[in-house]
Amino acid sequence: MDSLRSLSIFYLLVFAPMGCFSLNTNGNSLYPQFYDHSCPQAQQIVQSVVAEAVARDPRMAASLLRLQFHDCFVQGCDASLLLDSSKTIVSEKRSIPNRHSVRGFEVIDEIKSALEKECPETVSCADIVIIAARDSTVLAGGPSWEVPLGRRDSTTASVTGSNNNIPPPTSTFQSLLTKFNEQGLDMVDLVALSGSHTIGDSRCTSFRQRLYNQTNNQPDPTLAPSYAVELRTRCPRSGGDQNLFFLDITTPFQFDNTYYKNILASRGLLNSDEVLFTQSQSSMELVKQYAENNKLFFEQFTKSMIKLGNITPLTGTRGQIRKSCRKVNKQIDQ
């Protein structure tokens, strides 16, 4: 059996296209064909459920894409974000970046339920998050890519890690870059992955400081005055914290490079959007390039999403394949 496994890995390494698999530091590989024999319908099942969810609620595409960011930045891509609180776990859903913000957990539950019926205890919740993020991007008109698979699920969560590792929308450029560097991501990844803000919404509380808390109580000077006036109508100085605003006011449900065009026009909603253009010459040039060339943006976005998905996965015998994405197996069995 060991010789057959070694031979299979040899053929994968030799003949698989470059970029379609990755090797983590423990020598265990992630590759797109991971479930080809154990659960050949896995990716089709995920795609079907995601498509139905996005058809019901177009916002869900952005929500599912965001889950990958908020999961992988804490303990790596291990589905720790999906765990509910229990006697031994404080859920990451309670953290400041996630509370009243992340959503889509019911869709993940629906996917997991369908997969458990097709091939029990086989497909990890961590891989579901990664596949769903890709499928959501495609459904919104964005690029597709082969997703390396084979992650396993954590039995722990870290609300502290969530609070510390996920950059807030008020971040400066250097703070953003530091947070990304800590995850093994670079400046190109930062600018490309920020392009996910081409779809989705943000709450008033996430950008209110740009409207009122500047010099002489004037809006942030890097925000277009007419846009600031428009935002103030629904984001008052106090109250309305949960009011939602499109991150991309031009094509809010279309995955494209308009996000970068908005930044060039001083119409980036979040401080963490606008600083990509105003606080770094290198990132400014990338913003310009992606604004001019949608194909270039798509190409880099796919590379950076694969890189994001490769952050310290649990593989081999580490972790587990949860039966429910909300609980570790020992909690279910008790």
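Colleague: Why are H7 and H8 called roughly perpendicular to each other?

Modeller: The axes of helix H7 (residues 173-182) and helix H8 (residues 187-194) cross at roughly 105° and come within 9 Å. Angles of 65 to 115 degrees count as roughly perpendicular, those under 35 as roughly parallel, those over 145 as roughly antiparallel and the rest as oblique. H7 and H8 are therefore roughly perpendicular. The axes are lines fitted to C-alpha atoms, for helices over the stretch in contact, and the angles run from 0 to 180 degrees between N-to-C directions. Please keep in mind that this is a predicted model, in which local features need pLDDT of at least 70 and side-chain atom pairs count only at pLDDT 80 or more, while totals for chains, interfaces and linings use all residues. Residues are numbered from 1 along each chain as its sequence is written, and side-chain values use heavy atoms, leaving out hydrogens and water.

Colleague: Which residues of H7 meet H8?

Modeller: Phe173, Leu176, Leu177 and Phe180 in H7 meet Met187, Asp189, Leu190 and Leu193 in H8, where contact means heavy atoms within 4.5 Å. By class, the residues of this contact are 7 nonpolar, no polar and 1 charged. Asp, Glu, Lys and Arg count as charged, Ala, Val, Leu, Ile, Met, Phe, Trp, Tyr, Cys and Pro as nonpolar, and the others, Gly among them, as polar.

Colleague: What makes H8 and H13 oblique to each other?

Modeller: H8 and helix H13 (residues 281-292) pack at about 40°, with their axes 10 Å apart. That angle places them in the oblique class, so H8 and H13 are oblique to each other. On the H8 side the contact is made by Met187, Val188, Val191 and Ala192, and on the H13 side by Ser282, Ser283, Leu286, Val287 and Tyr290. The classes here are 7 nonpolar, 2 polar and no charged residues.

Colleague: And why are H8 and H14 described as roughly perpendicular?

Modeller: Their angle is about 110°, and their axes are 9 Å apart. By the cut-offs above, H8 and H14 are therefore roughly perpendicular to each other. Val188, Asp189, Ala192 and Leu193 of H8 make this contact with Phe297, Gln300, Phe301, Ser304, Met305, Lys307 and Leu308 of H14. This time the contact has 7 nonpolar, 2 polar and 2 charged residues.

Colleague: What makes H8 count as mostly covered?

Modeller: Of its 8 residues, 7 are buried (under 20% relative accessible area, with exposed over 50% and partly exposed in between, using a 1.4 Å probe and protein chains only). They are Met187, Asp189, Leu190, Val191, Ala192, Leu193 and Ser194. Their packing partners are H3, H7, helix H11 (258-264), helix H12 (271-278), H13 and H14.

Colleague: How do you know that Ser304 counts as buried?

Modeller: Its relative accessibility is 0%, so Ser304 is buried. Ser304 lies in helix H14 (residues 294-309). Leaving aside neighbours within four places in sequence, Ser304 is in contact with Val188, Asp189, Ala192 and Leu193.

Colleague: Which residues of the largest nonpolar core touch the most other members?

Modeller: Among its 75 residues, these are Ile108, Ile111, Leu115, Met305 and Leu308. Such a core is a set of buried Ala, Val, Leu, Ile, Met, Phe, Trp, Tyr and Cys residues joined through side-chain atoms within 4.5 Å. Not counting residues up to four places away in sequence, Met305 touches Leu65, Gln68, Phe69, Ala133, Trp145 and Leu193. Another core, of 14 residues, lies apart from the largest one and includes Cys204, Leu223, Ala228 and Leu270.

Colleague: Is Thr312 buried or exposed, and why?

Modeller: Thr312 has 53% relative accessibility, so Thr312 counts as exposed. Thr312 sits in the loop between H14 and helix H15 (329-333), and has a positive phi of about 30° although it is not a glycine.

Colleague: What about Ala79: buried or exposed?

Modeller: With a relative accessible area of 0%, Ala79 is buried. Ala79 belongs to the loop between helix H3 (60-72) and helix H4 (105-118). Ala79 is not a glycine either, and its phi is positive, about 65°.

Colleague: Last one: why does Ser154 count as buried?

Modeller: Its relative accessibility is 3%, so Ser154 is buried. Ser154 is in the loop between helix H5 (125-139) and helix H6 (159-165). Among the residues Ser154 touches, not counting those up to four places away in sequence, are Gln75, Asp78, Ala79 and Arg322.

Methods
Helix = DSSP H or I, 4+ residues; strand = E, 2+ residues; numbered from the N terminus.
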